[in-house]
Amino acid sequence: MNFDYNEEQQLLADSVRRYLQKDYDFEARRKIVASKEGWSPQVWAQLAEMGLTGLPVSTDFGGFGGGAVDLMGVMEAFGDALVVEPYLPTVLAARLIRKHDILGSVVEGKARLAFAHAEQGARHRVGHVNAAAKQSGAAWTLDGEKKAVSGAPMADKLVVSAKDAKGIALFLVDAKDVQMRPFRALDETRSADVVLKGAKAERLEGGLAEVEAAIDFGTALVCAEAVGAMKFACDTTLEYLKTRKQFGVPIGTFQALQHRMVDMYVAYEQAKSMACLACSKADSAEDAKDRMRSVSAAKIKISDNARYISQESVQLHGGMGMTEELKVSHTFRRLTVITEQFGGADYHLERFASL
Amino acid sequence: MDLNYSAEELAFRDEVRAWLQQNLPADLREKVANYDHLSKDDLLRWHRTLAKKGWVAPAWPKEWGGTGWNVVQRYIFEEELGFVGSPPLIPFGLTMCAPVLLQFGTEEQKKRFLPRIYNGDDFWCQGYSEPGSGSDLASLKTKAVRVSDKGGDHYVVNGQKIWTTLGHFADWIFCLVRTDPTVEKRQEGISFLLIDMKTPGITVRPLILMDGGHEVNEVFFDDVKVPAENLVFKEGKGWTVAKYLLGYERMNTGRIGASKRELAKLKEFASSRNISDMRFKDRLSRLEVELMALEITNLRFLDQMRRTGQPPGADVSMLKIKGTEIQQMLTELMVQAEDPAEAREIAEKLGPRYCSMRKTTIYAGSNEIQRNIIAKMTLGL
């Protein structure tokens, strides 16, 4: 039993945190979000420089072959700083590619990826795929429509799930070969609906089981990111309670607010415990059932507590919490997206009870 | 990061589990499983069984009978006790009075009381709360006046304590009493006294709770003469003693082991009643998830404690808050899972259990007081 990061994990998390504090403060982030592209190539280059883009990639392609626990501290730091660069989409897609030369470019920071999976009407059912794959000789083409593909507008290649004669399979598609309708998501990250019309595709290894495992991996990472965002929401709200004065005293002297603040911290600690569980089980579960059950349990708690903490943090800030000017309102939006990302509490309650 | 116990810790757990399975008498296991009230004999029989094995007071120094186990082993042992469904080890002697004597008592006091606590010769209870002093404990009024006569130095105690758990079984009571009503800072006029329950002038009156059970009492003191040698630490320093006890390693307040056993029972029960209501299943799942989270949170505290060698801070109050909420929800869902046609079962067993568990968020520092503690000590509010 040991809840510490190892030395490498800790060093990496610390250096990412230091970098973000220096170059990715709220003002810097605001400029990035307001830019036409909605992400910063300089930041991406820096993340690659620190080894982050290589972290989840196999050592065969110049990466470090890291798991969810290796990424946990990084994701917490990203949650704290509300990083909008498409790190999670790239990590998730890279995990599904496993073997391909594009991974070398990912490690070097020259390519970004996205995972195009969700479709209209799928909700969060992983097996709901209607996009169709057609083979002629050695060549594949894809037809269909993928919704809300996070990171797609800045991706060089997309990993796309589609059905062939045998079931769900995975393909690599060049971003230039699809039509995109980009939009800015509620949490200010960039996303796109993607239309595939006879799009040229390369067949990858893996099917539904690999998609399920990758989504559980992504869920574990988003749990860690949520924990970082929740910690910021709690800390900044506590600071506000100590400085904001009404009736001649700091509002933190009121017991009605003190108890709510305590409940927020307890909710954060409980969420953090479950993020530890999700990340370690994403790396080393006994079997798929053990992994799915643990990740679902974690996501139930993260979803419930992310909603709770985000709502309370705005409420305790009063009107100021509603404004664009305060970071907490942006953290609120990120946490709101996280509550449903990779399935909300309702979805995971059903999966948890069925396992 | 590794959330699992080490191979040695697992071996230790298995050893404890096997021994408990073998040595917990069937009738006691049955009574606990049925939520029956336990007699003094039931409680002492189990206490003495553990004492004989050498496991009744793991945290004590080895010279007084402690096991020398580290914090993780002690935690595992306590959780296994809960998980197997043993009668509770009554804390007033073992984990309240004894740590106080070990820290503040004289050699004579230690020699006189500790072996008898260990062997279950004396049954202790706690005299803190008073009718007018609940959460605001420092306002207590029970008066102790020091007098000298030819019998030696004594305190004469007058007043009333309330919520005295198992006071009707007790041979001894440790009390906070007011020895100086004149000091400006009211905490400084309080002393910690050990009182023999057989002393003339003590009256114990039962308070029957809504589950019909007799667990708590009122204890009245009417000119009760207590030898001055029964004062622990210095006169007027009782608050220091009480505060020390509050900070005493409270790693087991979450009662994870017992709640895991109750959860397994609830799940089995719900499935035997063919409950298909998704809303019930969702509440059950959320409860299970909360318990999983609390267990990991508890292990995180333990890991931190093991690494730093420091007792946990005020944060540990959250274990009490969440642990008791879980205990209550377990009994609440149990009542709801029962077939309404089995109203008799509800009236006789599940209902009283539900009623009884409402106490958990009130006793041992209400959950509101726990929030005050975290707000002040951890958050600096």
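Modeller: B:W163 is buried, with 21 other C-beta atoms within 10 Å. Here a residue is buried if 20 or more other C-beta atoms lie within 10 Å of its own, exposed if 12 or fewer, and partly exposed in between, with C-beta atoms placed from the backbone. This is a predicted model, in which local features need pLDDT of at least 70 and side-chain atom pairs count only at pLDDT 80 or more, while totals for chains, interfaces and linings use all residues. Residues are numbered from 1 along each chain as its sequence is written, and chains are lettered from A and ligands numbered from 1 in the order in which they are written.

Colleague: Where is the place of B:W163?

Modeller: B:W163 sits in the loop between β3 (152–162) and β4 (172–178) of chain B. Helices (H or I, at least four residues) and strands (E, at least two) are DSSP runs, numbered from the N terminus.

Colleague: And what is its phi?

Modeller: The phi of B:W163 is positive, about 60°, although B:W163 is not a glycine. Most residues other than glycine have a negative phi.

Colleague: What about B:D223, buried or exposed?

Modeller: B:D223 counts as exposed, having 10 C-beta neighbours inside 10 Å. B:D223 lies in strand β7 (residues 214–227) of chain B, and its phi is a positive value near 50°.

Colleague: Switching to the dimer contact. How many residues of chain A are in contact with chain B?

Modeller: 28 residues of chain A, in contact with 28 residues of chain B. Contact means that the C-beta atoms of two residues, placed from the backbone, lie within 7 Å.

Colleague: Which elements of chain A give two or more residues to that side?

Modeller: α7 (208–243), α8 (255–284), α9 (288–317) and α11 (345–354) of chain A. α8(A) gives the most, with 13 residues.

Colleague: How does that side divide by class?

Modeller: The side of chain A that touches chain B has 18 nonpolar, seven polar and three charged residues. Ala, Val, Leu, Ile, Met, Phe, Trp, Tyr, Cys and Pro count as nonpolar, Asp, Glu, Lys and Arg as charged, and the others, Gly among them, as polar.

Colleague: At what angle do α9(A) and α9 of chain B pack?

Modeller: α9(A) and α9(B), residues 278–308 of chain B, pack at about 95° with their axes 10 Å apart. Axes are lines fitted to C-alpha atoms, for helices over the stretch in contact, and angles run from 0 to 180 degrees between N-to-C directions. α9(A) and α9(B) are therefore roughly perpendicular to each other. Angles under 35 degrees count as roughly parallel, over 145 as roughly antiparallel, 65 to 115 as roughly perpendicular and the rest as oblique.

Colleague: Which residues meet there?

Modeller: A:A297, A:I300 and A:K301 of α9(A) meet B:S285, B:R286, B:V289, B:M292 and B:A293 of α9(B). By class, that contact has five nonpolar, one polar and two charged residues.

Colleague: Now within chain B, how do the axes of α10 and α11 cross?

Modeller: The axes of α10(B), residues 317–337, and α11(B), residues 343–357, cross at roughly 155° and come within 8 Å. The two helices, α10(B) and α11(B), are therefore roughly antiparallel.

Colleague: Last one. How many helices and strands has chain A?

Modeller: Chain A has eleven helices and nine strands. Buried residues make up 53% of its 355 residues.
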